[in-house]
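Here are some notes for a colleague who is opening this structure for the first time.

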Amino acid sequence: MPDQDDKYRVGLDIGGTFTDVVLEGAGSRLTTKVLTTLDDPSLGCMKGLDEVLAEGGISPDDIGVIIHGTTLATNAIIERKGATTSLVTTDGFRDTIEMGTEGRPEQYDINIVKPEPLVPRRRRFTVPERLNARGEALVPLTEDSLETLLPALDAANTESVAVAFVHAYVNPVHEIMVRDYIRSRRPDWSISISSEVSPEFREFERFSTTCANAYVQPGMARYLEKFESRLKEAGYGGPLLLMLSSGGLTTVETARKFPVRLVESGPAGGAIFAGEIAKSNNMDKVMSFDMGGTTAKICLVDGGRAQSSRRFEVARVYRFRKDSGIPLRIPVIEMVEIGAGGGSIAWMDELGRISVGPQSAGSSPGPACYGQGATEPTITDANLLLGAIDPDNFAGGKLKLDGQAAASAIEKTIGIPMNVPPADAAFGITETVCENMASAARVHAIESGKNVDDRTLIAFGGGAPLHACRLAEKLGISKILIPRNAGVGSAVGFLRAPVSYEVVRTFYQQMESFEAGPVNHALKEMQDEAEGYVRLGGGPASGLDVRRQAYMRYCGQGHDIVVDVPDGVFGKDAGNTLKDLFDERYAEVFGRNMKGIVDAEVVAWSVTVSTAPRPDDVAAGDFSSASGPKPECRKAFDPVTLGLIDHAVYVRDELPPDTEVTGPAIIVEDETSTLVGSSFSARIVSNGAIELSRQAR
Amino acid sequence: MGQFDEIRYQLIWNRLISAIEEQAQVVIHAAFSQSVRECGDLSAGVFNRRGQMVAQAVTGTPGHVNSMAICVEHFLAKFPIDGMKPGDVFVTNDPWLSVGHYHDVTVVTPAFHKGRAVGLLANTCHIVDMGGLGFGPDARQCFEEGVNIPIMHLAREGVVNEDLMGLLRTNVRNPIDMEGDFYAMMACNDDGARRLVGMLEEFEIDDIEEVGDYIIDQSRKSIVNAIRKLPNGDYPHSVELDGFDEPIRIQAKLTIADEHIHIDYEGSSPASTYGINLVHNFTLAYTTFGVNCIIGPNIPCNAGSIEPITVSAPEGGILNAVRPMPVSARHVIGQMLPDVVFGCLAPVIPDRVPAEGAGAMWNPMLRGGPTGVAPEVIASADELSEDYDVIMFNTGGTGGRPTMDGLSTTAFPSGVRTPPVEAVETCFPLVIWRKELRERSGGAGKFRGGLGQTIEIGGEAGTPFSVAAMFDRTWNAPRGRFGGMDGAKGEVRLKSGPELESKGRQSVPYGDRLILELPGGGGYGDPRDRDRQAVVDDVLDGLITAEDAESDYGIDVDVSKTTG
């Protein structure tokens with residue numbers, strides 16, 4: 001898009017409550033937040049666009065690309081507002097998506113609940129067909145069986161069809177036959193086939209992903225069509241790109257085909273945001289920490305690149321527990337998300353221990369201190385009581401907070417049962433939530449074979465800057481960065497994202513009998529496919545970044561680890577090279593390897609093609625008229641000395657680069673506040689970020 | 001203790017639970033056996049210097065955890081903690097000292113801090129093959145069931161015990177998987193030890209003795225409080241099970257006495273002459289699990305939460321077998337014990353106790369190839385596969401619950417999961433033709449029992465195989481409660497028609513298939529009280545027929561007038 005380079009770019013993030021709009025160009029950045037309009041989300045988008053354009057005096061033809069991320073697909077699944085979807089599957093596997101792993105998310109509770117499948121049994125149909133593990137037809141599919149299928153689909157009021165057969169990841173021929181048959185007779189229906197949506201083995205996850213794609217497809221297609229036409233009407237001429245859960249960008253066309261890849265695209269923007277900040281500050285090892293109203297997201301970023309994964313669980317129904325949601329096998333940015341946001345509710349468990357979340361007070365009734373009648377204490381209430389939040393200056397002063405309501409909620413729920421004063425109870429709440437986040441971060445790191453204590457913490461989202469120092473102390477982290485525009489970090493991240501597409505394919509190869517020819521052929525095909533999508537998204541014809549990875553394990557193991565595959569065409573001894581790379585990586589993850597004892601195998605390959613990401617070129621701001629900081633003073637709780645002590649309070653916009661602030665202090669801005677712990681000192685760096693360093697004790 | 005100490009102790013407690021969960025994830029990711037990596041047949045825990053369990057992983061299966069909780073003391077009795085050295089790792093699979101059969105191997109590793117052993121990490125995994133006859137109930141003595149590893153070093157100061165590994169390699173069917181799993185178990189404990197020591201450094205404490213006492217004490221108090229709320233008394237209950245060659249009766253008397261619950265199994269059947277007997281550890285494990293589920297499901301499991309519950313069973317009986325009685329398939333009976341406990345507690349707290357469920361998982365141990373099936377079956381086969389051994393874990397329905405339907409095809413009380421069909425077929429020459437809900441198997445009730453499943457398995461290209469059957473509830477259906485109806489009984493047969501025995505190794509001839517019909521859970525409460533729409537939905541989803549709706553629930557569902 002060379003002709004787009006001198007135009008303004010827009011990042012647009014639709015969340016459950018707010019739609020964030022960020023506009024960048026000519027070295028400046030404008031942001032706004034408007035309410036999400038759930039009935040027709042494109043209306044909220046247009047309103048936000050109008051606001052930033054008016055503020056900047058910019059017309060729609062000055063706008064180049066619009067990059068869009070959204071939780072709409074996620075919310076459709078969580079709230080069960082998707083299309084009437086039918087599943088066509090292999091005879092004998094009608095209930096795979098309902099039976100799942102047959103496990104329980106918690107051992108001792110007999111009253112656990114499991115997720116309702118997206119497609120109820122009455123709309124799950126089977127046809128006689130069967131492939132074996134090598135993709136050979138044990139039972140060939142015949143057109144006769146499809147003739148009886150069609151009336152059944154009609155009777156089920158089908159709007160969207162998922163087709164998912166056993167072993168279709170090896171051979172898609174039967175799925176394609178069903179798709180073509182239905183498409184030619186029912187052209188209005190959406191059709192998703194598992195060999196395209198998620199061509200990987202493990203039937204429960206693949207079937208479930210295919211159903212999720214089918215379930216959200218008609219709604220997302222309608223929304224995207226409407227938004228595109230509104231943009232056109234209003235005179236926007238630039239391309240519209242969609243943020244993917246993998247952190248890449250894609251076209252409206254691809255998003256329509258695989259909308260399930262948009263799940264969690266908002267948080268993915270946050271991870272990109274952190275990645276770009278890491279790169280521009282030359283930080284090799286980073287942990288991003290994004291804390292909003294309902295959840296906190298933690299993601300590891302190495303060399304400016306967020307970790308990726310191929311599995312994600314959406315709509316967890318039992319205490320946010322693993323294995324209580326709908327599994328999706330899609331490329332995602334690997335992150336851990338826990339029920340720890342400003343609105344998370346604190347309570348006492350039956351052992352008299354403080355617990356926080358996952359229930360959230362949301363925006364209505366909200367925390368007790370909002371004064372909307374809530375009586376359950378939240379993290380925001382605790383922060384208010386501890387002096388971390390200024391009751392008269394919350395959200396830029398738009399909302400006055402009621403300290404008394406916060407105190408009595410905390411006293412009633414925690415203070416009295418534990419027989420401690422409210423401030424101590426409030427400290428117990430924030431400590432518990434920080435500890436929960438630290439535990440989640442640690443488990444997440446071990447699952448990836450990484451350390452946390454040598455990382456820089458990049459904190460953004462409304463709640464993160466308040467808890468960053470304490471979290472860092474718990475994790476042994478000594479450096480934190482609070483970027484500019486932390487409150488709308490995800491939407492800023494969209495503007496940094498590369499146009500990118502990842503193709504994953506299951507294709508076994510044992511290292512001792514490695515066949516270079518077929519592997520080279522498959523990788524070439526995958527690269528061509530990915531490049532095709534990137535070009536559709538406006539990527540250039542050459543100079544694309546290609547990343548190849550192999551998912552490897554020892555023969556006989558069931559879980560694989562990711563190994564970066566060297567560039568170039570594989571030759572004769574590629575098997576040995578890959579085996580060595582795998583042994584090395586395995587020892588990094590698990591401490592010992594089984595080199596020489598057993599052969600290794602590749603289970604799946606992935607090829608990711610992307611354009612170079614866009615650097616942040618927005619200037620730090622103008623401080624020429626600033627008269628220097630004049631801090632006020634406020635008592636706030638210090639977790640190190642366990643008491644209320646004086647904190648200097650600074651306004652972030654009044655702090656020019658190179659200003660140094662020694663903790664304990666609070667740096668306030670409209671969207672959030674940064675709590676500088678007593679063991680930290682802060683410095684404003686040249687690009688406007690706040691850098692916090694832990695002082696040696 | 002000051003208030004901040006208490007908050008600090010709570011944080012350490014949470015940290016220990018998360019550290020131990022990390023430990024469990026390590027073994028899942030590094031393991032070779034399908035039972036561990038796909039199915040989660042494992043457990044992990046951290047123990048204080050005295051061998052008391054302080055915390056356990058969320059992931060895992062109760063039979064392991066609660067048995068392991070007792071077994072670490074045996075390690076300490078043989079190897080006192082102050083004689084242990086960094087890099088030492090200990091192991092056993094002795095059924096009577098640990099988890100009740102040879103397949104469950106327990107590995108214990110001391111953690112060192114400031115030159116002193118500060119605690120022990122332990123984990124137990126189900127290894128698919130440990131020699132002998134293989135997993136199944138056919139043995140008459142435990143000596144036929146596999147190799148016994150007395151408590152000994154698996155590694156001395158970091159060097160793996162090659163004598164032991166060499167012995168094992170020549171005694172098992174798949175030495176690479178076995179060795180890989182042993183390595184994974186060592187890696188798992190090493191990780192737990194690193195986390196434990198890191199935590200001690202951060203919180204600036206020397207060991208977990210004091211905080212461990214706090215944790216155990218709090219948990220004990222919570223269970224005791226829960227017991228105090230129950231009326232004192234003796235509550236008997238009995239359950240009939242299929243057994244191997246003759247029916248088994250489990251007779252229990254649960255006594256609530258102030259702060260204590262005791263379950264006595266006097267009157268239960270004598271030991272079976274086949275391998276479905278339980279060692280005392282395993283009986284204790286599933287009995288306390290059953291009690292804890294009902295009276296304190298949110299109280300973390302550790303030495304304190306187990307202690308107020310005691311169990312006795314006549315020595316030499318099916319629930320307290322003695323060497324050399326065979327024990328391999330002990331889960332078939334053991335996983336029924338929570339149902340026995342629920343039956344005792346039902347009159348005491350009717351609003352908290354579910355109906356009976358399928359109970360024991362249905363885990364066919366399948367063996368193919370020239371040495372895997374009977375000679376007459378080989379003679380009549382056109383084709384044979386290579387030798388293989390594979391286990392598949394499968395579940396029936398759980399009982400209807402006081403406020404909700406039972407769960408269809410869900411493990412209870414086991415914590416194990418089913419492997420993906422595509423994973424099994426990729427590794428073994430089998431075709432799983434059907435794995436689907438078994439219609440009409442959930443017992444009718446105000447809250448319906450969960451459904452079982454139907455499984456149909458054939459050898460690839462029709463090749464013959466044998467199955468070590470260890471299934472129960474084929475004669476004795478899961479019973480409904482408070483007016484709920486029974487769930488469907490299980491069935492085992494060949495596709496060609498003949499019924500098979502529910503226990504013991506039998507062949508599936510060339511071209512035939514094995515069909516398993518797993519039991520559904522019993523219903524809870526009178527079916528006539530069931531919500532009308534729930535009945536209509538069950539008919540529309542084909543879980544029951546319109547005739548069932550009329551006969552069991554008294555509801556006339558006209559399917560033609562109802563749309564989905």
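**Notes on a strand and a helix pair**

1. In chain A, strand β5(A) is joined by 4 bridges to strand β6 (residues 124-127), and the two run parallel. Within this pairing, A:Leu87 has A:Arg124 of β6(A) as its bridge partner. The model is a predicted one.

2. β5(A) is also joined to strand β9 (residues 160-164) of chain A, here by 5 bridges, and this pair again runs parallel. A:Ser86 is found opposite A:Val161 of β9(A).

3. Is β5(A), residues 85-90, mostly covered or mostly open? The strand is mostly covered, with 6 of its 6 residues buried.

4. Turning to the helices, α9 (residues 265-280) and α14 (residues 489-496), both of chain A, have axes that come within 7 Å and cross at roughly 70°. Angles of 65 to 115 degrees count as roughly perpendicular, and α9(A) and α14(A) are therefore roughly perpendicular to each other. The crossing in which α9(A) passes α14(A) is left-handed.

5. Which residues make this contact? On the α9(A) side they are A:Gly266, A:Pro267, A:Gly269, A:Gly270, A:Ile272, A:Phe273 and A:Glu276. α14(A) contributes A:Gly489, A:Ser490, A:Ala491, A:Val492, A:Gly493, A:Phe494 and A:Arg496.

6. Sorted by class, the contact between α9(A) and α14(A) holds 6 nonpolar, 6 polar and 2 charged residues. Gly is counted among the polar residues in this tally.

Methods:
Residues are numbered from 1 along each chain as its sequence is written. Chains are lettered from A and ligands numbered from 1 in the order in which they are written. This is a predicted model: local features need pLDDT of at least 70, side-chain atom pairs count only at pLDDT 80 or more; totals for chains, interfaces and linings use all residues. Axes are lines fitted to C-alpha atoms, for helices over the stretch in contact, and angles run from 0 to 180 degrees between N-to-C directions. Angles under 35 degrees count as roughly parallel, over 145 as roughly antiparallel, 65 to 115 as roughly perpendicular and the rest as oblique. A crossing is left-handed if the near helix is turned anticlockwise from the far one by less than a right angle, and right-handed if clockwise. Two residues are in contact if their C-beta atoms, placed from the backbone, lie within 7 Å. A residue is buried if 20 or more other C-beta atoms lie within 10 Å of its own, exposed if 12 or fewer, and partly exposed in between; C-beta atoms are placed from the backbone. Two strands pair if DSSP finds at least two bridges between them.
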